[in-house]
Structures are given as structure tokens and as C-alpha cells.
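These are my notebook entries on a structure that I had not examined before.

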2 protein chains.
Amino acid sequence: MSAVPGTDEAMLETGSTTDIVGYRLRRAQLSVFQRFLAAFEALDLRPAEYSALALIGDNPGRKQTEIAEILGIKRANFVALINGLEGRGLTERRAAREDRRANALYLTTDGARFLEKARAVQDDFEADCITRLGGPKARDTLLDLLGRLC
Amino acid sequence: MSAVPGTDEAMLETGSTTDIVGYRLRRAQLSVFQRFLAAFEALDLRPAEYSALALIGDNPGRKQTEIAEILGIKRANFVALINGLEGRGLTERRAAREDRRANALYLTTDGARFLEKARAVQDDFEADCITRLGGPKARDTLLDLLGRLC
């Protein structure tokens, strides 16, 4: 059991609430996302937007539904996300070659330039995460354990 | 770099997008929360609601602002959460002893009985997480690494 000081005299008993995997995962994820948002403030980019840009950059011309599925983002949410990136002139939709009713996603020239900057920020951000964890081995251990939870 | 099969012929290049700490954390957290929701479906309880009930149960009479702060939930969101639990007859607010303008939180008798059931579900859920991770040592390693990210 853990205890933490409250805002008045007495300690709070927190162990049965906070010493569980789901709770700790959520707190760590929120903490990392908060730092991500701070690091990407100048680029005005949220984590899911970064992931979408990077995935489209590595796989130009893939269907919108495919990109959404890989990222585990629901169709409606992904449409809103892509509308946002398209509105900023970073991505564009074209009819897919093998299925004219489907949208294929591409980076624009501006989008490719923007992604280059974002990748540099992400590399620094990742290096900071690895330092916090205690090195590349600790990072590998973490990714392995996280994978077992999926 | 990693690759995964797309919905048509070609593989997608995903490594530069998905082999990063923040992305993996988010996917693992979503996966665990999805299983949590399924496990708690009969009790109609979301993770943050479970945390609030457990923390109030262990610390009856603490201020609403204190409970929200420990859980890292914004004030407005926490008010909505507590309104929900109160509407279900599980918690009640009373004026705090040392500050009549502040709300102190308590479980109702029904709330205490409900929490007992929820704790049993959570214990099973945690045991499943530990099994997936590979045992209590792996769980301890994960919690330690997650703590370093906060």
C-alpha cells in the first residue's frame, strides 16, 4: 500500500487505487502525451496527427481506411483528423488506383517538408524518453512488456 | 523498421511510426482500457470511476479537490464524474468539517457494497494483466519503468 500527503494534515491511502497496471499505464501515457504536446507546440501537432503524417509519408498512396486501421483510429475520428491535416495543406486525398471510390492519401510538398521537421522533434523527444527510462535496453524491455498487454 | 500487411497486396512500412515509446504506450493503454470496460460491463463502470470509488472508499471524508488532484483529473471533469456516481446513489457529498464551503466525499452504503463487487472484478482483471506480462516480477518491472516516464 502507498500513501501520499493530502492538501491538509492527513496522509491519503492510495495503494489499492494506484498500484495497478491500468492506472499506472494511463498516468504514464498522459504524462508522455503532455510532454509530447509541449515539444510539438511550435508545430501545433498532436500525437495521432504525427503518427498519421509519418505513416502516410512512409506509405504514400495507401487507402485512408488502411492507414486508420493500422493506427487503431475509428473511421469517423480519422476522417476528422485527415480533414484537419488537409485544411493545413499537409496531406491530400486522391481516388485510389484500384478502387476509384476509395481515398488514397499523400503528403503535399509542404507536408513532406513539415514531416521532416516533425521527425527531428520526435527524434529528440524519443531520446529524452530513453534517457528517462535508463537507456535503450530499458526502452526495449518496456516495449516488450507493453506488447504483451496488447 | 517493422512492416505489417495492408488490406491489399503490399506490406505497409510502419516502423518509424510505431516503434516509439509514446505510440506503444498509447496502444497498450487503449488495449488494457478496452479489456477493463469489457470486464466491468456488468457493473457499468469506467476506469476513472473505479479509481474514484476505490480512493473515496479508502479515504472517506476527504475533499473533492484532493481526490481529483491525486487522480490527476481536471476539476470540471471530476465534478461530472462525481455527479454520475452520485446520481447512481454510490457516493455523497457533505460539507467538509474544517471548511464548510468545500465538499467532502463519502461512499453510501450501496456504494460500499458496489465497491466490494468492483474490487473483486479488479482483482481478477489485475491477475489477468500479470499473467499476460509473465508474472509479478514482470509487472514490477513495468510499473518501475512507467514511473520513470512520469
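Is α3(B) mostly covered or mostly uncovered? I looked this up in the model, which is a predicted one. I found α3(B) to be mostly covered, with nine of its 12 residues buried. The buried residues are Glu49(B), Tyr50(B), Ser51(B), Ala52(B), Leu53(B), Ala54(B), Leu55(B), Ile56(B) and Gly57(B). I then checked the span of this helix, which covers residues 47–58 of chain B. From its first C-alpha to its last it reaches 17 Å, close to the 16 Å expected at 1.5 Å a residue.

Next I turned to the sheet in chain B. Three strands make up an open sheet, and I noted their order as β3-β5-β4, with antiparallel pairing. I recorded β3 (62–63) and β4 (91–95) of chain B at the edges; each has a single partner strand, so one side of each is left without a neighbour in the sheet. I also followed the pairing of β3(B) with strand β5 (residues 103–107) of chain B: the two run antiparallel and are joined by two bridges. Within this pairing, Lys63(B) stands opposite Ala104(B) of β5(B). As a general point, I noted that strands of a sheet pair through backbone hydrogen bonds.

How is chain A superposed on chain B? I found that a rotation of 180° with 0.0 Å of shift along its axis does so, at an RMSD of 0.0 Å. This is the relation of a two-fold axis. In chain A, Leu142(A) has the C-alpha nearest the axis, 3.3 Å from it.

Last, I considered the interface. Of the interface residues of chain A, 98% are also interface residues in chain B, so the copies meet through the same surface.

Note on methods. Residues are numbered from 1 along each chain as its sequence is written. Chains are lettered from A and ligands numbered from 1 in the order in which they are written. This is a predicted model: local features need pLDDT of at least 70, side-chain atom pairs count only at pLDDT 80 or more; totals for chains, interfaces and linings use all residues. Helices (H or I, at least four residues) and strands (E, at least two) are DSSP runs, numbered from the N terminus. The expected span of a helix is 1.5 Å times one less than its number of residues. A residue is buried if 20 or more other C-beta atoms lie within 10 Å of its own, exposed if 12 or fewer, and partly exposed in between; C-beta atoms are placed from the backbone. Two strands pair if DSSP finds at least two bridges between them. Copies are superposed by least squares on the C-alpha atoms of residues with pLDDT of at least 70 in both. Two residues are in contact if their C-beta atoms, placed from the backbone, lie within 7 Å.
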